[in-house]
Amino acid sequence: MNLIHLYKKDKLDPSINPNIQGYWVWKDFLGIPSLTKIGYFYPEQSTFNDQRIVIYITGISRPLKNENHEYGFVFDSPNLPMLTYSTPFNGDIEVPIDTDLELNFNKPNTGYAEFSYSIEPEIKFTIQETSPTQILVNFEEDLQQSQKYVFKMQVRSLKKNFKTGEILETTNFEDAARIAFYTKREPLIKSFSPTGTGALQDTDILIRFEVPMNSESVLEKLDITPTINFDYEWNERLDLLKITPTDPLPKDTSFKVTLKQGVLSKSGGISTKDITYEFKTIGPIIVKSVEPQNNSSNVNENSIIKVTFDQAVSRESAQSKFSITPNVSGSFEWENDFTMIFRPNKLNFSTTYTVKINTGIESIYGLPNTEEFSSTFTVRSNQIIIQMPQYFQPQSPPSFSCNVYAARMALAWKGYNVGIISLIAEMGYNDGYQNGHWLGNPYKEYVGNYDGSWGYGVYWDPIQKLFTNRGIQTELYKGWNLSGLAKAVEQGHPVIIWRYNGESANYDKNWVAQDGTYVVGINGQHGGVVTGFRGSSDNPTHIFLNDPWYGKIWIQASLFDYYWSRLGRVGLVIY
Amino acid sequence: MNNFENVFKISIFFVFFLFTVDLVGLVFFIIKRNQKNFKKIIFISLGLNLLILTLIAFSIFWSLEKTPPKIIYTYPDTETKWDNYDQPIVVEFNTPVQKR
């Protein structure tokens with residue numbers, strides 16, 4: 001592949017791949033408006049994080065010269081902020097119940113990453129940004145004692161318009177951190193139930209002590225707010241107190257159970273402070289979660305829609321309040337009274353669906369939901385991708401060995417790890433250059449030098465030989481088509497291709513090799529491996545490449561077909 | 001020296017220097033009023049001016065020819081990471097190039 005070439009005059013024309021909206025400013029050279037030496041690109045939108053970006057500039061011409069040089073460079077977009085440490089830390093024990101969770105990041109979140117937080121068991125919290133690299137998770141109430149908590153953080157990348165702040169595209173949420181910690185053990189009390197929200201009206205309150213207790217002392221110091229009438233029962237060991245309300249507990253009500261300081265154990269031990277537990281009785285139904293998550297993209301077309309309620313609900317009622325837009329036929333299943341599954345018959349590719357849960361679902365024990373719930377997700381486009389190792393051709397200094405790197409990736413996929421110099425040596429090379437043309441013959445050898453840092457590249461026959469030498473079956477197609485290419489990939493066979501790179505000045509560059517062979521060549525000759533496609537194999541809409549320059553990229557099928565046609569649509573299928 | 005920009009800047013300096021010497025010579029000539037060698041002085045000074053300007057022009061064209069354009073600096077540097085979006089992408093060439 002040729003990064004630099006002399007040819008007819010063209011205008012200074014930079015391109016960015018993947019495309020980033022923005023504008024170039026070329027600074028005048030010594031006040032001369034038609035000349036420049038330095039240019040700035042001001043982006044108007046962000047890109048996804050950790051993405052390879054290729055900038056390629058064509059039409060580079062000195063003053064008073066009629067020429068067209070081309071240069072490119074590659075770099076990666078900014079990283080997502082990463083959690084460096086937290087307080088409490090993962091695995092901490094004896095964490096105070098009035099703690100906050102402090103999260104420290106390696107860099108500020110400048111708005112291009114979105115975090116999602118959750119904690120199990122569930123407890124309400126607010127997020128406070130205390131510094132650009134620090135977030136404080138404030139729990140709205142004290143944590144339960146003697147409890148293991150697992151805090152999870154997920155993150156996704158946002159593509160945003162800088163001016164409007166509009167989110168143009170997002171990635172899926174991915175797990176970013178998991179912090180498990182244990183709160184301090186409660187003195188005297190081993191366990192308490194119920195906890196949290198959703199306690200049933202006829203629930204019993206169970207207090208298990210670590211040691212046998214003085215029952216009179218416990219009852220004397222016991223306080224339940226709001227007040228209820230109850231019966232009680234001790235077990236034989238006097239370490240378990242069961243409190244049974246005589247009337248059903250009121251719905252949607254918070255209760256506080258306190259054992260005031262001075263409670264005596266059977267052996268004479270005494271508690272030194274008040275011990276308080278809280279729970280809330282069942283209230284209106286709340287939709288706890290919907291899968292796929294809200295705003296998910298690239299969702300599998302065979303996904304089920306799973307709605308989890310915070311309490312048992314009437315199945316018929318819940319099904320009647322469920323809707324999906326655009327309408328999809330399907331069937332309902334239930335994991336239990338809390339979890340409803342809608343199994344769509346067919347989700348369409350590249351379609352955004354909105355799931356709605358309307359108000360008025362009947363609860364079995366609690367109250368109907370009072371808030372409508374809505375969630376959207378987008379089904380992935382129809383695509384098949386063969387996972388293949390990715391190798392990049394060197395950029396600094398530049399390498400012209402894309403064809404060899406394409407072969408190297410396919411060989412690695414077959415389990416052979418071979419260096420570029422070895423592969424070039426195996427094919428043979430010719431670094432002759434005379435009168436503006438190479439002397440080598442790419443149909444039989446690598447045209448360029450021994451390490452690929454200069455030259456044109458190599459065509460199909462020498463590349464095929466690399467596979468044959470290792471007993472790998474291949475099949476060479478010339479004058480092929482997109483459907484055949486996609487069908488090979490569909491059957492699990494990657495295809496090495498030769499194409500125009502889409503960046504260089506586009507013109508033919510034929511020459512007669514030293515051995516008399518007439519070589520059909522193009523400026524910007526480039527190699528890669530087709531490892532995927534979108535759409536049906538009969539009519540693919542996009543082609544996926546392991547590209548030694550761009551990395552793993554999608555190219556619109558029609559555009560790819562044109563690039564591919566420049567060297568006769570040649571494909572080497574690797575079996 | 002084949003750096004076009006340096007040659008260009010040095011050439012500008014020399015042109016100004018030449019202009020200054022011409023100006024000083026002119027003042028000196030007016031003060032002395034040396035009518036006798038008038039034609040000779042004018043002929044020599046014009047000749048020297050022309051020679052120096054020709055050499056400067058030649059240097060500029062020669063350095064232009066000997067300096068193929070290439071990228072000498074980019075932000076972000078190739079194979080590195082774009083730190084943040086507040087910093088624009090920068091491309092700097094070793095020699096001036098045509099915008100269009």
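Colleague: How is the model numbered, and which pLDDT do local features need?
Modeller: Residues are numbered from 1 along each chain as its sequence is written, while chains are lettered from A and ligands numbered from 1 in the order in which they are written. In this predicted model side-chain atom pairs count only at pLDDT 80 or more, totals for chains, interfaces and linings use all residues, and local features need pLDDT of at least 70.

Colleague: What is the mean pLDDT of chain B?
Modeller: pLDDT is the predictor's confidence in each residue, from 0 to 100. The model scores ipTM 0.74 and pTM 0.58. In chain B, 95% of the residues reach 70 or more, and the mean pLDDT is 83.

Colleague: Which pattern does chain B follow along the sequence?
Modeller: Helices (H or I, at least four residues) and strands (E, at least two) are DSSP runs, numbered from the N terminus. Chain B has 2 helices and 3 strands. Read along the sequence, the pattern is α-α-β-β-β.

Colleague: Are α1(B) and α2(B) roughly parallel or roughly antiparallel?
Modeller: Helix α1 (residues 4-32) of chain B packs against helix α2 (residues 38-66) of chain B at about 175°, with the axes 9 Å apart. Axes are lines fitted to C-alpha atoms, for helices over the stretch in contact, and angles run from 0 to 180 degrees between N-to-C directions. Angles under 35 degrees count as roughly parallel, over 145 as roughly antiparallel, 65 to 115 as roughly perpendicular and the rest as oblique. The angle therefore makes α1(B) and α2(B) roughly antiparallel.

Colleague: How many nonpolar residues does the contact of α1(B) with α2(B) have?
Modeller: Two residues are in contact if their C-beta atoms, placed from the backbone, lie within 7 Å. Residues of α1(B) in the contact include F4(B), F8(B) and F29(B), and those of α2(B) include I41(B), I52(B) and L64(B). Ala, Val, Leu, Ile, Met, Phe, Trp, Tyr, Cys and Pro count as nonpolar, Asp, Glu, Lys and Arg as charged, and the others, Gly among them, as polar. By class, the contact of α1(B) with α2(B) has 6 polar, 1 charged and 12 nonpolar residues.

Colleague: Which element gives the largest share of the side of chain B that touches chain A?
Modeller: Contacts link 26 residues of chain B with 34 residues of chain A. On the chain B side, the elements giving two or more residues are β1 (71-75), β2 (80-81) and β3 (89-98). By class, that side has 13 nonpolar, 6 polar and 7 charged residues. The largest share, 9 residues, comes from β3(B).

Colleague: What is the bridge partner of F41(A) in β3(B)?
Modeller: Two strands pair if DSSP finds at least two bridges between them. Strand β3 (residues 32-43) of chain A and β3(B) pair in the antiparallel sense over 6 bridges. In β3(B), the partner of F41(A) is I89(B).

Colleague: Which strands stand at the edges of the open sheet of 4 strands in chain A?
Modeller: The order in this sheet is β23-β29-β28-β25, with mixed pairing. The twist averages 25° from one strand to the next. Two strands have a single partner strand each, so one side of each is left without a neighbour in the sheet: β23 (296-299) and β25 (322-325) of chain A.

Colleague: Which residue in the turn between β18(A) and β19(A) has a positive phi?
Modeller: Strand β18 (residues 230-234) of chain A is joined to β19(A) by 5 bridges, and the two run antiparallel. D231(A) stands opposite T244(A) in β19(A). The two strands form a hairpin with 5 residues between them, and the turn residue with a positive phi of about 60° is L238(A).

Colleague: Is I189(A) buried or exposed?
Modeller: I189(A) lies in strand β14 (residues 189-193) of chain A and touches I207(A), F209(A), E210(A) and I275(A), not counting residues up to four places away in sequence. A residue is buried if 20 or more other C-beta atoms lie within 10 Å of its own, exposed if 12 or fewer, and partly exposed in between, with C-beta atoms placed from the backbone. I189(A) has 20 C-beta neighbours inside 10 Å, so I189(A) counts as buried.
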